[in-house]
Amino acid sequence: MTPRAARMADIQPFRVMALLARARELEAAGRDIVHMEIGEPDFPTPPPVIAAVQKAIAAGDVHYTPAAGLPALRSALAGYYRAEYGVEVDPGRIMITPGASGALLLILGAVLDPGDRVLMADPGYPCNRNFVRFLEGRSTGIPVGPGTGYQLTAELVEAHWQDDTRAVLVASPANPTGTLVPPDEMAAIHRVVQARGGVLIVDEIYHGLVYEGRAETALALGEDVFVLNSFSKYFGLTGWRVGWAVAPPAAAADLDKLAQNLFLAAPTPGQHAALAALSLKTREILERRRLEFRARRDYLLPALRDLGFDIPVTPQGAFYLYADCTRFTDDSLAFSEALLEEAGVAVTPGLDFGHNHPERHLRFAYTTSLERLEEGVRRIAAFVGQ
Ligand SMILES: Cc1ncc(COP(=O)(O)O)c(C=O)c1O
């Protein structure tokens with residue numbers, strides 16, 4: 001028998017992958033499927049990005065970059081923080097990584113010892129707890145609900161802190177709920193973490209896709225906060241695999257050292273794509289897309305509520321709606337499977353996002369056109385008998 005690490009029994013695959021595979025199978029057999037399960041923008045790579053990458057490749061710029069990334073990209077990101085948030089970040093603290101996933105690996109790798117605990121919201125992005133397990137840490141998924149906007153609060157962090165707690169991981173806006181942590185609450189969480197001698201890690205991957213108010217970067221709270229971000233969501237470059245981490249000055253060399261060892265560098269064409277994504281020309285395209293996402297949210301949210309899905313907190317960002325479906329079922333997995341087979345609509349069951357009543361929840365992604373969302377809503381209405 002092939003030896004197998006004990007951690008492999010604890011690390012879960014995404015349920016939605018099986019659902020997506022089944023959706024593709026149905027499509028191959030000629031069925032029309034409305035995709036509301038996919039966690040990536042449906043827009044193509046912006047033309048200025050394609051042009052810049054073609055130019056870089058034609059010039060032979062396809063070799064390894066430094067482990068921390070193209071110097072020009074690190075500087076451009078520092079400029080982005082200055083222009084967008086009025087926050088000064090030394091480019092030396094910015095590490096370019098293969099997606100936010102690479103950033104999370106570097107940060108957790110630099111911070112956690114085996115047995116160290118990380119606090120996070122449940123529901124939350126499923127990879128987080130799997131990353132912690134991969135590094136032989138422990139995670140506590142703190143159940144959150146409408147009362148706190150599906151987010152951690154300073155009070156919750158305080159109440160769940162244990163002797164072995166090393167870090168708190170917050171995503172704002174969050175997957176699967178699209179909600180933000182208000183700036184004063186983030187500051188309060190930061191104070192609790194600081195007082196306990198821990199580390200605050202903030203996932204800002206859905207920044208840029210905010211439809212009400214503004215998301216403030218947690219970097220404004222102080223140089224001790226770790227932030228991860230990506231070109232995958234707002235910038236729409238999922239497959240190019242580029243993200244970044246911002247580290248406290250004293251931790252930057254550790255992240256660089258880990259990057260050198262774990263993946264040498266992020267993909268070079270992807271880094272050129274990222275640089276072009278920050279240009280004014282691309283940003284204009286991205287702003288139009290943000291408005292399109294907002295229009296989709298503004299359609300889908302009331303439409304699902306009218307059907308009887310309970311979405312008690314209006315999500316301010318990302319491209320997800322996390323809906324309580326108890327009016328229709330106490331088994332969201334079976335419901336999502338039947339919805340796919342019978343109505344041709346793919347959505348993600350709550351099971352992917354933790355242990356906090358996943359059977360009562362579904363995640364709807366508005367990563368498809370308004371017309372397709374309308375078609376999806378018509379089909380769901382017929383499926384639930386309305
Ligand atoms: C909250 C959150 N963090 C991180 C990631 C990882 O994204 P990527 O590695 O493409 O940047 C995702 C992807 O869905 C996400 O939803």
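Me: How many residues surround the ligand in this predicted model?
Reply: The closest residues around the ligand are Gly99, Ala100, Ser101, Ser230 and Ser232.

Me: Why is α4 described as largely enclosed by the rest of the structure?
Reply: Among the buried residues of α4 are Gly99, Ala100, Leu104, Ile107 and Val111. A residue counts as buried if 20 or more other C-beta atoms lie within 10 Å of its own. The helix α4 is largely enclosed because, of its 13 residues, the number that are buried is 11.

Me: Which strands stand at the edges of the sheet?
Reply: The open sheet has 7 strands in the order β2-β8-β7-β6-β5-β3-β4, with mixed pairing. Two of these strands, 94-97 and 138-143, each have a single partner strand, so one side of each is left without a neighbour in the sheet, and these edge strands are β2 and β4.

Me: Which residue in β6 stands opposite Leu169?
Reply: Strand β5, residues 165-171, pairs with strand β6, residues 199-203, in the parallel sense over 5 bridges. Opposite Leu169, the residue found in β6 is Ile201.

Me: At about what angle does helix α3 run to β2?
Reply: Helix α3, made of residues 71-85, lies across two strands, β2 and β8. Relative to β2, the direction of α3 is at about 120 degrees.

Conventions: Residues are numbered from 1 along each chain as its sequence is written. This is a predicted model: local features need pLDDT of at least 70, side-chain atom pairs count only at pLDDT 80 or more; totals for chains, interfaces and linings use all residues. A residue is near a molecule or strand if its C-beta atom, placed from the backbone, lies within 6 Å of it. A residue is buried if 20 or more other C-beta atoms lie within 10 Å of its own, exposed if 12 or fewer, and partly exposed in between; C-beta atoms are placed from the backbone. Helices (H or I, at least four residues) and strands (E, at least two) are DSSP runs, numbered from the N terminus. Two strands pair if DSSP finds at least two bridges between them. Two residues are in contact if their C-beta atoms, placed from the backbone, lie within 7 Å. Axes are lines fitted to C-alpha atoms, for helices over the stretch in contact, and angles run from 0 to 180 degrees between N-to-C directions.
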